[in-house]
Amino acid sequence: MSDLTDSLVDVSSDSFWEVGNYKRAVKRVDDGNRLCNDLMNCLHERARIEKSYATQLTEWAKRWRQLVEKGPQYGTVERAWFALMTEAEKVSDLHMEVKTALTGEDLEKVKNWQKDAYHKQMIGGFKETKEAEDGFRKAQKPWAKKLKEVDTMKKAYHIACKEEKTATSRESSSKLDNNNPEAQKKLQEKVEKCQQEVQKTQERYRKSLEELDKVTPQYMENMEQVFEQWQQFEDKRLRFFRELLLGVKQHLDLSSNHKYSTVYNTLEDTLQAADAQEDLKWFRSNNGPGMPMNWPQFEEWSMDLNRTLSRRETKRKHTDGVTLTGISQTTEQTSKASSSSSAGPVEKTAADGSDEEAGNPFASANANGNPFEDELPSAEVCVPVRALYDYDGQEQDELTFKAGDQLMKMGEEDEQGWCKGRLSDGTVGLYPANYVEDRE
């Protein structure tokens, strides 16, 4: 028996060349179809993650944009802060593009390739799987038949050997026991007969092995041909998967997307543009010592002063439907001027006199003045309230606030629907009572 035959007979039962072990190669066809499904599920799940992340970025940007808008930050640093929300919105759009590419392009490629590569049968399974099974079975059938004969001859030979050995042992025992010659003769004949049977079965066994050895090369060639056919089929799948995964990488790799780099270049430019000195200068000019001021000067009472107050009340009736009434003020000069160009301080007190006997408390203030700044604190209990709506003061004695701002209510609502209040920065003024609610 040749070395090739020895290698085929003595190898582990796990070898591809063993009868039926080609089924692993057949199963690979079914596995390829399953792997297509797994890849589609993988891409679909990643697409959901991309969409979820994009949604979270958008919601985060929206919420924080509103918080920063209502917050106290200002100027170029505020714009830099807003740039973070803009970045999130842009990146959210890019991740939605990734999601669309994964589901609309990559996933569809897998689905179409799978449809072209694997064809379902009416009886179940795939046409390709059956073709592989039939091909391997046909290639292995002649060799498997010869192998079965070899196994039969080997079994017969081994049985004959066992019987010959048993007969020899009995004959030896009989000689030692000095049995009668006739019994010993029968045992000797039995040994000779068994030896002849061993010789015959051995010859048959060797002959079957020689026949198996003859058909083995053709068996190997046929199996190789079928195996190579399905190697090529698997090669197509592996190459397709490789190209597809490279395409997925291109979609996932935002660093190679010019839009992505533009987002961060813009963000960096905006952040670098933040200028603390510019912001401080703006705050000084709009909320600090840099603001213009019409300093109080002595004013004589006149009819024009009365008309101004009347016009003010008329304007409120037409715009807000709320009128401030019962406001009067007496002025008294507490010190005389040392020259005609100077005037002393004026003391303001509230009185219940008529318009002809009281001056206008707002006449000497400019657009940035506040007539309540010099008033003594009210004896009434202050109540914390929260603004329901934005309100821009139309007059110099009115407060300006945003929805959500918190302030202190200083007194009850008057007949025209106005209240006196104080903002968190200490500014005191009037506001529409229905623009706030009590704070719990």
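Predicted model: local features only at pLDDT ≥ 70, side-chain atom pairs only at ≥ 80, totals over all residues.
Glu78 is buried, with a relative accessible area of 17%, where buried means under 20% relative accessible area, exposed over 50%, and partly exposed in between (1.4 Å probe, protein chains only). This residue has its place in helix α3; helices (H or I, at least four residues) and strands (E, at least two) are DSSP runs, numbered from the N terminus. If neighbours within four places in sequence are set aside, Glu78 is in contact with Val68, Glu69 and Gln73, contact meaning heavy atoms within 4.5 Å. Glu78 and Ala274 are 196 residues apart in sequence, and their C-alpha atoms are 8.4 Å apart in space.

Local features need pLDDT of at least 70, side-chain atom pairs count only at pLDDT 80 or more, totals for chains, interfaces and linings use all residues, and side-chain values use heavy atoms, with hydrogens and water left out.

Turning to confidence, pLDDT is the predictor's confidence in each residue, from 0 to 100. The mean pLDDT of the protein is 82, and 79% of its residues reach 70 or more.

As for the overall make-up, the secondary structure comes to 8 helices and 7 strands. Of the 440 residues of the protein, 30% count as buried. Among contacts between residues at least 6 apart in sequence, 69% join residues at least 24 apart.

A further residue on a helix is Leu271, which lies in helix α6 (residues 258-272). Leu271 is partly exposed, with a relative accessible area of 40%. Its C-alpha atom is separated by 8.0 Å from that of Trp81, 190 residues apart along the chain.

Next, the interior. A nonpolar core is a set of buried Ala, Val, Leu, Ile, Met, Phe, Trp, Tyr and Cys residues joined through side-chain atoms within 4.5 Å. Which residues touch the most other members of the largest nonpolar core? Of its 41 residues, they are Leu43, Val110, Tyr118, Phe136, Met223, Trp230 and Leu244. The elements giving two or more residues to this core are α2, α3, α4 (127-177) and α5 (181-252), and α5 gives the most, with 13 residues. Leaving aside neighbours within four places in sequence, Val110 is in contact with Cys36, Leu39, Met40, Leu43, Phe240 and Leu244.

There is also a second, separate core of 13 residues, which includes Leu399, Leu407, Trp418 and Cys419. Leu407 can be related to Gly426: the two are 19 residues apart along the chain, and their C-alpha atoms are separated by 9.3 Å. Gly426 has its place in the loop between β5 (418-422) and β6 (428-432), and is partly exposed, with a relative accessible area of 38%.

I come now to the aromatic residues. Rings of Phe, Tyr and Trp (its six-membered ring) pair if their centres lie within 6.5 Å; planes under 30 degrees apart count as stacked, over 60 as edge-to-face and the rest as tilted. The structure holds 20 aromatic pairs. Tyr74 and Trp282 form a stacked pair, 5.4 Å centre to centre, with 25° between the planes. This pair links distant parts of the chain: Tyr74 is in the loop between α2 and α3 (75-117), Trp282 is in helix α7 (residues 276-287), and the two are 208 residues apart. Trp282 counts as partly exposed because its relative accessibility is 40%.

Phe240 and Phe241 form an edge-to-face pair, at 6.1 Å centre to centre and 65° between the planes; both residues are buried. Arg237 lies over the face of Phe241, 4.8 Å from the ring centre (a charge sits over a ring if NZ of Lys or CZ of Arg is within 6 Å of the ring centre and within 35 degrees of the ring normal). One aromatic cluster is formed by Phe16, Trp17, Tyr22, Phe136, Trp143, Tyr219 and Phe227.

Finally, the cysteines. With a disulfide defined as a pair of cysteine sulfur atoms within 2.5 Å, the count comes to 0 disulfides. Cys194 is buried, with a relative accessible area of 4%, whereas Cys382 counts as partly exposed, at 29% relative accessibility.

Methods:
Residues numbered from 1 in each chain as written.
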